[in-house]
Amino acid sequence: MQIVILKDAQEVARYGADIFTTQLQRKAESVLGLATGSTPVALYQELITRNKAGLINFSEASTFNLDEYLGLNGEHPQSYRYFMNEQLFNHINIDKDRTHVPPGDAKNPVVACQEYEAKIAAAGGVDIQLLGIGRNGHIGFNEPSSGLTSRTRVKTLTKATIDDNARFFTADEYQPHLSITMGIGTILDAKKVVLLATGKNKAEAVKAMVEGPLTAACPASALQLHRDAVIVVDLDAASALNDLEFYQHIEAENQKLQAYLASL
Ligand code: GLP
């Protein structure tokens, strides 16, 4: 894992946006794996700004989102489809027909999960997958105990996740406790994975992911198996790491190597 420790959430967003910009400049028809939650919002704003400035082009890209609440259709303001439209798709030059979010209103959710996997495969697989992390170490909606090779499927949310996400729902609003989520195996199939984490409340999850054992008890620890996983965190989210200075040292060396390679 490449661990990148930056000053604050704004720097994390910019670093993440740089990775996506480079990806789209190298391959205009990239397949982007996208995420919801508060963490990626600043990155999406940065992408919108760059798109409007003509620095990044989404016209040939396609996207697959990680997850969706089961029981909400895309018009529901708390659905992840609605979130993606509002936070990104409505503001960039992407063809909406090429944006995919698992169908929360599928009549047969089990079949819908298989179809989602088939669509990802037909698109050639995900080039770069964006992730956040839950306080309990979940990625997508792969809660602790999720199989490390799992595929897209229906998952039950933990009470901790329901409580964490309750802030998005009004008191009298129905809050789903089931979801459709890409599996951990699906996520690991992406050619590159970029996980963003900001704020003190993510520090323990980040520590478990980076320094803890590979275990289904912390689904994000599965990224230890990925050959190109970039973990981008701010100082608060990095604050529980034991080897902070070592990671900063590696990253400085890594940048020197990249500069040397670019000079060849
Ligand atoms: C949700 C999403 C995850 C996200 C997590 C953290 O449960 N399913 O994909 O990473 O929340 O969200 P936040 O960035 O708001 O802390």
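Modeller: Two strands pair if DSSP finds at least two bridges between them. Strands (E, at least two residues) and helices (H or I, at least four) are DSSP runs, numbered from the N terminus. This is a predicted model: local features need pLDDT of at least 70, side-chain atom pairs count only at pLDDT 80 or more, and totals for chains, interfaces and linings use all residues. Residues are numbered from 1 along each chain as its sequence is written, and side-chain values use heavy atoms, leaving out hydrogens and water.

Biologist: How many bridges join β4 to β8?

Modeller: Strand β8 covers residues 178-181 and runs antiparallel to β4. Asp67 stands opposite Thr181 in β8. The number of bridges joining β4 to β8 is three.

Biologist: Which are the edge strands of this sheet?

Modeller: The sheet is open and has three strands in the order β4-β8-β7, paired antiparallel. Each edge strand pairs on one side only. The edge strands are β4 (67-69) and β7 (153-156).

Biologist: What angle lies between the ring planes of Tyr69 and Tyr80?

Modeller: Rings of Phe, Tyr and Trp (its six-membered ring) pair if their centres lie within 6.5 Å; planes under 30 degrees apart are stacked, over 60 edge-to-face, the rest tilted. The count is six aromatic pairs. Tyr69 and Tyr80 form a tilted one, 4.9 Å centre to centre, with planes at 45°.

Biologist: Which helix holds Tyr80?

Modeller: Tyr69 sits in strand β4, 11 residues from Tyr80. Both are buried (under 20% relative accessible area; exposed is over 50%, partly exposed in between; 1.4 Å probe, protein chains only). Tyr80 belongs to helix α3.
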